[in-house]
Amino acid sequence: MRNYRNLDVWKKVLEILKKIYKISDKFPEKEKYGLTSQITRAVVSILSNIAEGSGRNSNPQMINFLSISKGSAYEVEAQLIIAFELAYISEAELNECIAN
């Protein structure tokens with residue numbers, strides 16, 4: 001079993017999560033149950049799957065959960081692009097989140 005809190009990837013995603021929560025707070029109220037909810041759930045899913053995979057007993061299981069996390073990361077990226085296209089976030093905010 002690995003300690004997920006010591007993994008560099010987990011620490012990096014935690015920082016991105018904080019940025020996304022801050023950014024999504026600025027989304028319009030009409031997005032509360034739409035894009036805001038979707039993007040925050042997806043970024044939480046990344047961290048959750050890294051943690052869950054770390055608790056598994058084999059490397060193939062860990063790799064599976066990392067794969068799921070990667071899918072959620074692409075989901076977050078797509079949602080950030082949507083937020084940019086809808087003018088909810090600036091290009092600088094978009095790049096700050098997806099450059100990591």
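Trainee: Since the model is predicted, what is the average pLDDT of the protein?

Mentor: Here's the general idea: where pLDDT is low, the predicted coordinates should not be read in detail. In this protein the average is 93, and 98% of the residues score at least 70.

Trainee: And which elements have the lowest and the highest mean pLDDT?

Mentor: Helix 4 has the lowest, at 92, and helix 2 has the highest, at 96.

Trainee: Let's turn to packing. How do helix 3 and helix 4 pack, and at what angle?

Mentor: In general, two packed helices are described by the angle between their axes and the distance between the axes. In this case, helix 3 covers residues 59–85 and helix 4 covers residues 91–98; the angle is about 175 degrees and the axes are 10 Å apart. An angle over 145 degrees counts as roughly antiparallel, so that is how helix 3 and helix 4 sit relative to each other.

Trainee: Which residues make that contact?

Mentor: From helix 3 you have Glu77, Leu80, Ile81 and Phe84, and from helix 4 you have Glu91, Leu94, Cys97 and Ile98. Sorted by class, that contact has six nonpolar residues, two charged ones and no polar ones.

Trainee: Can we zoom in on one of them? Where does Glu77 lie, and how far is its C-alpha from that of Ile98?

Mentor: Glu77 lies in helix 3. Glu77 counts as partly exposed, at 32% relative accessibility.

Trainee: On to charges. How many salt bridges does the structure hold?

Mentor: The idea is that side chains of opposite charge can pair when their charged atoms come close. This structure holds four salt bridges. One of them joins Lys18 and Glu15, with the closest N and O atoms 3.3 Å apart.

Trainee: How many residues apart are Lys18 and Glu15 in helix 1?

Mentor: They are three residues apart in helix 1, which runs over residues 8–24, so about one helical turn separates them. Lys18 is partly exposed at 47% relative accessibility, and Glu15 is partly exposed too, at 41%.

Trainee: What about Lys26? Which residue does it form a salt bridge with?

Mentor: Lys26 pairs with Glu93, and the closest N and O atoms are 2.3 Å apart.

Trainee: Is Glu93 buried or exposed?

Mentor: The cut-off for buried is under 20% relative accessible area. Glu93 comes in at 16%, so Glu93 is buried. Leaving out residues up to four places away in sequence, Glu93 touches Ile23 and Lys26.

Trainee: And Glu52, which residue does its side chain meet in a salt bridge?

Mentor: That would be Arg56, with an N to O distance of 2.6 Å. Glu52 is partly exposed at 37%, and Arg56 is partly exposed at 30%.

Trainee: Now the start of the chain. Where is Leu7, and which residues is it in contact with?

Mentor: Leu7 is in the segment before helix 1. Setting aside neighbours within four places in sequence, Leu7 is in contact with Ile50, Ser54 and Met62. Its relative accessible area is 24%, so Leu7 counts as partly exposed.

Trainee: How far is the C-alpha of Leu7 from that of Leu94?

Mentor: The two C-alpha atoms are separated by 25 Å, and the residues are 87 apart along the chain.

Trainee: Last one, for the protein as a whole: what share of the residues is buried?

Mentor: Buried residues make up 34% of the 100 residues. As for contacts between residues at least 6 apart in sequence, 64% join residues at least 24 apart.

Key. Residues are numbered from 1 along each chain as its sequence is written. This is a predicted model: local features need pLDDT of at least 70, side-chain atom pairs count only at pLDDT 80 or more; totals for chains, interfaces and linings use all residues. Side-chain values use heavy atoms; hydrogens and water are left out. Axes are lines fitted to C-alpha atoms, for helices over the stretch in contact, and angles run from 0 to 180 degrees between N-to-C directions. Helices (H or I, at least four residues) and strands (E, at least two) are DSSP runs, numbered from the N terminus. Angles under 35 degrees count as roughly parallel, over 145 as roughly antiparallel, 65 to 115 as roughly perpendicular and the rest as oblique. Contact means heavy atoms within 4.5 Å. Ala, Val, Leu, Ile, Met, Phe, Trp, Tyr, Cys and Pro count as nonpolar, Asp, Glu, Lys and Arg as charged, and the others, Gly among them, as polar. Buried means under 20% relative accessible area, exposed over 50%, partly exposed in between (1.4 Å probe, protein chains only). pLDDT is the predictor's confidence in each residue, from 0 to 100.
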